[in-house]
Amino acid sequence: MGWSHWFLILTLCFQIPKSFSYLTSDLFDTWCKEHKKTYSSEQEKLYRLKVFEDNYAFVTHHNTVMVNSSYTLSLNAFADLTHHEFKASRFGRLASKDLSRFDSGSPIEDQSSDAFEAPSSVDWRASGAVTHVKDQGSCGACWAFSATGAMEGINKIVTGTLVSLSEQELVDCDRSYNNGCNGGLMDYAFEFVVKNQGIDNEEDYPFQGGERTCNERKLNQHVVTIDGYTDVPPNKEKRLLQAVATQPVSVGICGSERTFQLYSKGIFDGPCSTALDHAVLIVGYGSEKGVDYWIVRNSWGTRWGMSGYMHMLRNSGNSAGVCGINMLASYPTKTGPNPSPPPPSPGPTKCDLFTSCSPGETCCCTKKVFGICFSWKCCELNSAVCCKDGAHCCPHDYPICDIRRNKCIKKPGNGTMVKEIEKKGLSGKLDGWGSLHKVWNM
């Protein structure tokens with residue numbers, strides 16, 4: 001690069017503040033339109049402009065001065081946040097692992113043989129074992145997104161079907177050791193799914209961007225199951241490589257560096273610490289111009305990184321790996337099919353073109369003229385017998401209405417069985433019988 005190019009770079013970087021402000025103000029307006037950003041007041045917008053200018057200077061310095069860097073930065077969807085704001089909005093606490101909490105004992109440690117030769121490159125996206133990039137928003141539940149990604153992967157590999165799973169179920173219901181939007185651990189999520197005998201899909205229990213009350217009905221929708229999970233030995237990169245060669249793997253990393261916030265593309269090599277504060281999913285690995293990397297799927301939406309992905313340096317020479325990626329890795333295990341889906345719920349019971357009763361109820365006519373019913377009410381019993389008074393109904397196995405004595409009768413053999421009709425006020429529904437008592441009349 002000649003001196004004229006360096007002079008141009010220095011001129012751009014050290015223009016007088018007023019010119020710089022004009023430049024970034026126009027750029028900021030364009031950025032706001034692209035990312036659909038609006039602010040509550042003009043004061044807030046001016047503050048965000050100042051933050052944007054600071055991030056613009058940081059990105060420009062990295063991309064133009066640090067010319068030997070293996071990755072580039074950009075003014076992505078987080079360019080109007082300070083580094084502190086970004087960390088506060090995106091990071092929960094990645095829980096420490098205390099396996100003594102588990103009644104079922106410790107997870108199985110990875111027993112991969114050193115003799116196993118992994119292929120030179122793997123990309124589970126190409127095999128259809130990775131769902132769309134998701135966005136955790138301002139909920140610090142990265143652990144849930146990492147865990148579901150790993151379970152989605154092994155489920156596809158074993159069953160042949162890719163099912164997007166519910167992070168919201170983990171956030172709402174997995175509260176024994178995980179802490180919703182305030183942090184958690186993938187192993188605890190795997191343990192929860194094992195004990196719950198499955199997890200619901202994303203379509204039925206979608207992510208809401210925050211914590212809600214656990215939906216007990218959806219908690220019992222066991223769409224996908226796993227058998228258990230396996231921990232990769234810490235700081236064993238070859239074992240981690242072998243694991244990723246067989247399925248997507250959940251890992252903890254340090255993701256709170258400013259360069260991580262504004263990452264755009266290339267092979268990320270730090271600098272970053274090994275203080276784990278974020279969870280992601282390794283979906284493969286490869287090499288570029290002799291430099292090895294992991295393919296990492298994040299949970300910050302598609303407007304971060306390479307459409308939601310990052311290439312992170314592999315074989316860095318540090319046993320912990322770049323950003324500690326080799327320190328906390330695990331994956332779910334699965335060998336068999338998922339439970340059969342429950343039969344679909346019955347639809348409403350049609351009385352006529354304009355009237356219907358709820359599933360499992362019986363339509364009873366209460367007003368009939370020339371054989372045509374003009375008024376219907378619903379008996380809460382399935383396949384019930386409607387009494388002629390238009391106010392009661394009897395179960396199909398007690399088909400005789402005794403309105404005078406408020407009883408439902410059947411005649412088995414040489415005896416008569418009776419159930420008493422419980423009187424209730426009518427509110428659009430017919431009364432069913434109450435199971436108060438039954439007697440035999442000989």
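**Close-up views of a predicted model**

**View 1. Salt bridge between Lys 50 and Glu 53 in helix H3.** Lys 50 is exposed at 54% relative accessibility (buried means under 20% relative accessible area, exposed over 50%, partly exposed in between, with a 1.4 Å probe and protein chains only). The closest N and O atoms of Lys 50 and Glu 53 are 4.0 Å apart; a salt bridge is a side-chain nitrogen of Lys or Arg within 4 Å of a carboxyl oxygen of Asp or Glu. The two residues are three apart in helix H3 (residues 42-65), about one helical turn; helices (H or I, at least four residues) and strands (E, at least two) are DSSP runs numbered from the N terminus. The structure is a predicted model, in which local features need pLDDT of at least 70, side-chain atom pairs count only at pLDDT 80 or more, and totals for chains, interfaces and linings use all residues. Residues are numbered from 1 along each chain as its sequence is written, and side-chain values use heavy atoms, leaving out hydrogens and water.

**View 2. Salt bridge between Arg 258 and Asp 54.** The closest N and O atoms of this pair are 2.8 Å apart. Arg 258 lies in helix H10 (residues 258-261) and Asp 54 in helix H3, so the pair ties together parts 204 residues apart in sequence. Asp 54 is partly exposed, at 45% relative accessibility.

**View 3. Salt bridge between Glu 211 and Arg 175.** Here the closest N and O atoms are 3.5 Å apart. Glu 211 is partly exposed, with a relative accessible area of 32%, and Arg 175 is likewise partly exposed, at 36%.
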